[in-house]
Amino acid sequence: MDQHQLSEGPLLDEKGELCEAGYAFSLVKKYDRNAIKVPKHRIKEWDYYYIGNAEFGLALTIDDNGYMGLGAATWMEFPDVHIHKSHMYAFPMGKGKLPASSKEGDTHYSNKKGVVLSFCHSGEGKRRLTGYWPKFDKEGHDLHFDITLTETSPNSMVIATPFHKKGHFYYNQKINNMKANGYAKLGEKMLDFSSCYGVLDWGRGVWTRKNTWYWSSLNSELKGQPFGWNLGYGFGNTNAASENMVFYGDKAYKLEEVRFDIPIGKNGKDDFMSPWTIRSSDGRIKASFRPVYNRHEKASAIIISQNANQVFGLFTGTLFLDGLRLDFEGLPGFAEKVSNRW
């Protein structure tokens, strides 16, 4: 697969189409929502963070998805505690004011029920995530969190991907292996994130109505070095480049196509809690995934629906990276299959 590396410049041309499709190791293309030529209710923008280890995790989301805005938080203790809260509101269409770049600008969400979420830059390569969510669990305990994430590499996964529809595209950055420090507290229970790594999923674009995607994120340590990956497919037309990268130390390694082999159960449907395998077309990754917990979210409304299986577990396998062989065992991360009508 011949993959195209992006050059610096504007993301969109005067017709609202991608100037260039491909990948990069940093946010080289300038995103401007005013250059988009489709109706505002079709524009989707989000900042999603996940921070965790093999024992627990916290997921945080702020979305401005055109006709639907969202603030959400998920507290997880593996394998059996999962508390998810979200608040939706109608037709933000840019009022969420999500930044045009991950390099600068802050992201905020608040509502009349007292929920406050803030994702702020706090110095070079640092982000501070703070929030308060009253009556977060069934017992009425409040959620507080204050976590600082520090980038461990100048490299990230960036991809500009077209869809097979005029004016539709996906501009995405994943910043892996951010070292965490801080806490989340729910009532008297506290999670210490000083042993954890986090990832930012920064997405901007115009999506087609129906999509099914596959995504895996690993953020951990191997041999004393930050180690992780971004693997995925189903995000538009990836003829110019895949979004698959591995990160070790401060270096990034580009992979070709990957596939997740999810077992099929006796009912003919995906068996998400049986072991998966992950393979790449270039033979550089051979991995197995042992699920521990499936965060399954299924929702349907008048104009939107979602069936999401975000599966957390442990990865074991081997990577071959430019003469370097990396063997790993039992590293925590997640892999997901999500189908959206949005």
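This is a predicted model: local features need pLDDT of at least 70, side-chain atom pairs count only at pLDDT 80 or more; totals for chains, interfaces and linings use all residues.
1. Buried residues make up 56% of the 342 residues of the protein.

2. The overall build may be taken next. The secondary structure consists of 24 strands and 0 helices. The radius of gyration is 19 Å, close to the 20 Å that the globule rule gives for 342 residues, so the protein is as compact as a globular protein of that length. Along the principal axes, the C-alpha atoms fill a box of roughly 55 × 50 × 45 Å. When contacts between residues at least 6 apart in sequence are considered, 55% of them join residues at least 24 apart.

3. Phe315 belongs to strand E23, which covers residues 305-321. Its relative accessible area is 0%; the cut-off for a buried residue is under 20%, and therefore Phe315 counts as buried. Ala287 stands 28 residues away from Phe315 along the chain, and the C-alpha atoms of the two are separated by 6.7 Å.

4. The open spaces deserve a separate point. The largest pocket has a volume of about 870 Å³. Its lining is made up of 37 residues, and those nearest its centre are Asp63, Leu70, Gln306, Ala308 and Asn340. By class, this lining contains 19 nonpolar, 10 polar and 8 charged residues.

5. The second largest pocket has a volume of about 310 Å³. Of the 18 residues in its lining, Lys103, Glu124, Arg127, Glu151 and Ile175 lie nearest the centre. Strand E10 (126-133) and strand E13 (169-186) are the elements that give two or more residues to this lining. The class division here is 4 nonpolar, 9 polar and 5 charged residues.

6. Rolling a probe the size of a water molecule over the atoms shows where empty space is left. In this model, there are 2 cavities of 30 Å³ or more. The largest cavity has a volume of about 90 Å³. Asp47, Tyr49, Gly105, His121 and Arg127 are the closest to its centre among the 15 residues that line it. Two or more lining residues come from each of strand E4 (43-52), strand E9 (116-121) and strand E15 (197-206). The lining of the largest cavity comprises 6 nonpolar, 5 polar and 4 charged residues. Arg127 is named both here, in the lining of the largest cavity, and in the lining of the second largest pocket.

7. The second largest cavity holds about 40 Å³ of space. Which residues line the second largest cavity? The lining is formed by Ile159, Thr161, Gly232, Tyr233, Phe235, Thr238, Ser242, Glu243 and Glu257. At least two of the lining residues are supplied by strand E12 (157-162), and at least two by strand E17 (225-233). By class, 3 are nonpolar, 4 polar and 2 charged.

Notes
Residues are numbered from 1 along each chain as its sequence is written. Side-chain values use heavy atoms; hydrogens and water are left out. On a 1 Å grid over the protein atoms alone, a cavity is a set of points where a 1.4 Å probe fits but cannot get out, and a pocket is an open set with protein on both sides within 12 Å along at least five of seven lines; lining residues have an atom within 4 Å of a point. Grid points are joined across faces, edges and corners, and a volume is the space filled by probe spheres set on the points. Helices (H or I, at least four residues) and strands (E, at least two) are DSSP runs, numbered from the N terminus. Ala, Val, Leu, Ile, Met, Phe, Trp, Tyr, Cys and Pro count as nonpolar, Asp, Glu, Lys and Arg as charged, and the others, Gly among them, as polar. The radius of gyration is taken over C-alpha atoms; the globule rule is 2.2 Å times the number of residues to the power 0.38. Buried means under 20% relative accessible area, exposed over 50%, partly exposed in between (1.4 Å probe, protein chains only). Contact means heavy atoms within 4.5 Å.
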